[in-house]
Amino acid sequence: MTPLTDYVKNSTGFGESTIAAVMSSAISFITTSLRSGEEVKIENLGIFKITDKPERQGRNPRTGEPTTFKASRKPKLSFSKNFVGSIQPDPAVEVAVETATVAVSFPPIPADLLVDVKAQLEFMWQIKAPDNSFVEVPSSELTNWGVTANTPIYSPATGWKLAGKVPELVGIVV
């Protein structure tokens, strides 16, 4: 099975760090939206939703003793009809049992259609300034503030992390 990042890299020509930043941003968006109770619809894939289960009484399956199960929140993905239909086998085509490796090459994307993805992914980060105050700095200016891979940074999506551990900053901080 081809990892998604390899597929996107081969089909678009974008670099791994750009793909990682876009995927991380998409996951952060879905997580933040679901945490706030919003649904996230992705055309031709489906709708991400949250199911809240209240605290409830039950029995421990091992001992049979009464217990209280904590309230929980579970994500759910309801696939769209288009997606479900697109993965069904064609009844007119006989399916071979053998598997084969197929090399697929995609033509390069014309330069006039390429979008500057990094410019669209300008994140804001909180860092500790030299005067011990906290300032908000865009990704493109982090190195100007002396941020390295070992500098703690903050965003609502990531919380406090070392800059080198944040996928969005791969290739930006050293």
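In which helix is F83 found? F83 lies in helix 3, which spans residues 81-86. The model is predicted, and its protein chain contains four helices and nine strands.

**Overall architecture**
- Along the sequence, the secondary-structure elements of the protein chain are arranged as α-α-β-β-β-β-β-α-α-β-β-β-β.
- The protein chain has 174 residues, of which 19% count as buried.
- Its accessible surface amounts to about 13200 Å², and carbon and sulfur atoms contribute 57% of that area.
- Among contacts in the protein chain with a separation of 6 or more, 40% are between residues 24 or more positions apart.

**Surroundings of F83**
- F83 counts as partly exposed because its relative accessibility is 25%, whereas the buried class is defined as under 20%.
- Apart from neighbours within four places in sequence, F83 contacts N44 and L45.
- Although F83 and L45 are 38 residues apart along the chain, their C-alpha atoms are separated by 5.4 Å.

**Nonpolar core**
- In soluble globular proteins, nonpolar side chains tend to be buried together.
- The largest nonpolar core in this model comprises ten residues: W125, I127, V137, L142, V147, I153, A163, V166, L169 and V173.
- One of these core residues is V173; when residues up to four places away in sequence are not counted, V173 touches L142, T143, V147, T148, A149, A163 and G164.
- Among the residues that V173 touches, L142, V147 and A163 are also members of the largest nonpolar core.

Notes
Residues are numbered from 1 along each chain as its sequence is written. This is a predicted model: local features need pLDDT of at least 70, side-chain atom pairs count only at pLDDT 80 or more; totals for chains, interfaces and linings use all residues. Side-chain values use heavy atoms; hydrogens and water are left out. A nonpolar core is a set of buried Ala, Val, Leu, Ile, Met, Phe, Trp, Tyr and Cys residues joined through side-chain atoms within 4.5 Å. Buried means under 20% relative accessible area, exposed over 50%, partly exposed in between (1.4 Å probe, protein chains only). Contact means heavy atoms within 4.5 Å. Helices (H or I, at least four residues) and strands (E, at least two) are DSSP runs, numbered from the N terminus. Accessible areas come from the Shrake-Rupley method with a 1.4 Å probe; for residues, only the protein chains shown count as cover.
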